[in-house]
Amino acid sequence: MTSPSTPRISTPAQLDWQDGQPTSIAFGDVYFSRDAGLDETRHVFLQHNQLAERFAALPQRGQFTIAETGFGTGLNFLCAWQCFEQHAPADARLHFVSAEKYPLTPQDLSRALALWPELAAQSNQLLRQYDMLTPGWHRLLLAGGRVSLTLMVGDVLDVLPQLDARVDAWFLDGFAPSKNPDMWQQPLFDQMARLSAPGATFATFTSAGAVRRGLTAAGFQVEKAPGHGQKRHISRGWLQTAAAMPWQAPWFARPPQRWRERSAIVVGGGVAGASTAHSLAVRGWQVTLIERMPRLASAASGNPQGVLYTKLSPHLTPLSRLVLSGYAYSLRTLRELLPEDGENWRACGVLQLAHEAKEGEKQQALAELGLPEAVMRKLDREQASELAGVALPSGGLFFPQGGWVHPPALVARLADHPNIAVRTSHTVLELEYDQNERHWLASDESGPLALASVVVLAGAAETAQFDATSHLPLKKIRGQVTSIAATPDSERLATVLCGEGYISPTRGGRHCLGATFKFDSDDLAVNDAEHAENLQMLAELAPQLHDGLTSGGRGALDGRAAFRCTSPDYLPLIGPAVARRDFAQCYAELARDASLQPQQPCPWVEGLYVNTAHGSRGLITAPLSGEILAALLEDEPTPLPAHLMQAIHPSRFLLRDLIRRKLDPAA
């Protein structure tokens, strides 16, 4: 897999509306037929991929994957979704993966889809979740999770090499080859062949000779078919010759799925564990969610207010790219699952202040990236103060979609599913795998707790307490938040303020502020010294607000402390587990020559996965983590590009240590 190049921000599509229909200014071409766009889509893409028949033939709990080379207005997706609902078994799932270099704004998309009232049932759901798209990949769950849409924002020739999927049908769509020659190239056709499942088909509106020859060269059988309306011919076909698969690092490959039934034990009842349980449950898995404390969300996920925090790097590092995808997914999840009532969450925006000169320079570089203003915009001091409702010492970056969340409410909602059995006040002390029965047994000091095909360890730093995961470099960091009663003046705070610390608008008449970072403490008792630290951070962030809240004495301060869990590179660990010694022995040759390409499969621990080290960004990265693990377990298209899947893979540290000769194969 290739790595991404220098960040390029895709600008929204520039449209010219002619007679009520959208035309691309950049390409000088229409998005769909002026006369009968819906009929043309059904003729070209649905009929000539035989979708109605193939959907009807799916087995129970079957799945079907469609990939598309240009999302445009989403018309092809909506037609395929409608056809799927009409013909597929009720428990089947549809995965639709689409590239788009210039995504439409929500307003333009709504205007375009209003032309097709026949698709209102589908388009209304899409529009509810569709927002201004940032660079990267975006996972949308529709039809109660039965339909997934993965939008890959970027040039199709950049994003397809990063895709991990087995595609059953291709919608080879995009502006005409004469208008958009950069897309219709041999690398596109070769990637189609790489990603195609056995028997994969394609259809496209064009019958251009160069396109047909390119597809043939990639291994597709190509034939002409009658076009629609005034167009004489289209092209259709199927993969005839399987593409030669490029070498893939086996330690980043998907483990073979040998589970006998859809059952899982998830250890850890925070946002990561509940998200994992939820993503599996909506796919029909029976999940036992085990939490050692008396209630879910009792550790780091138990704070009264958590911030949807989107601190980015102007270089769009892997962490920043993960944050952008996770941020958008978390917002969609909250909108779908929880009422925005000021008790569960509030999309009040997040204002990241330029509290020092270095931060100001970084923010200026971020502003020059060109992210949409609906996602991020730069404010001066006066603008920031007016927006926040309180006087501020500096301006900063405003994230209007962000806000605060009551994490226990999110966890409770995620875990509220008939396929999830919650067991609290139980600490998993032992995990045993039965090779013959192919199932895991989790036990505590009293005996067996649960039996399942798969185990996901999502218990923060406690994930490393088992033999197979003891090598994971997890670090506990104590954090204390402070709760302080609001005053009439502080009630005017209208947005979350962030700098070295943060303060949230009121929830239940109190502000939440924090949080401390203590690397060398095992004590979770709340203490006055860290309350003082939090108040000092507030004084530097918003002096006038601090003075108003603390004048006449601090009054009653409340708070709580918990351990965050992080990794050395501050990225989470999400994926399959492998034992340290087995990995070192299997790939010992890499210690001598890191350029080798071993062929032997990774010696995975059967059915064991981890989901941990989300640090202070759990509300951003943990909800998406459930989709990542479910995609791996169900052999679905992954919701992140390959380079990010590798960046969060639990084996990355073993690989680094082996190459640096820090891992002894004999140990």
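Tutor: Let us begin with a definition: two strands pair if DSSP finds at least two bridges between them. Strands (E, at least two residues) and helices (H or I, at least four) are DSSP runs, numbered from the N terminus. This is a predicted model, in which local features need pLDDT of at least 70 and side-chain atom pairs count only at pLDDT 80 or more, while totals for chains, interfaces and linings use all residues. Residues are numbered from 1 along each chain as its sequence is written, and side-chain values use heavy atoms, with hydrogens and water left out.
Student: What is the bridge partner of G575 in β31?
Tutor: In β31, G575 has V610 as its bridge partner. Strands β30 (residues 573-578) and β31 (residues 604-612) run antiparallel and are joined by five bridges.
Student: How many residues of β30 are buried?
Tutor: Six of its six residues are buried, where buried means under 20% relative accessible area, with a 1.4 Å probe and protein chains only.
Student: Changing topic, which residues of helix α4 are buried?
Tutor: In α4 (residues 106-113), they are P106, D108, L109, A112 and L113. Seen down the axis of α4, these residues fall within an arc of 165 degrees, so they line one face of the helix. The arc is that of the directions from the helix axis to the C-beta atoms.
Student: And where is G74?
Tutor: G74 lies in the loop between β4 (63-68) and α3 (75-87). At 1% relative accessibility, G74 counts as buried. G74 and A112 are 38 residues apart in sequence, and their C-alpha atoms are 9.2 Å apart in space.

Definitions and conventions:
Buried < 20%, exposed > 50% of the residue type's maximum accessible area, 1.4 Å probe, protein only.
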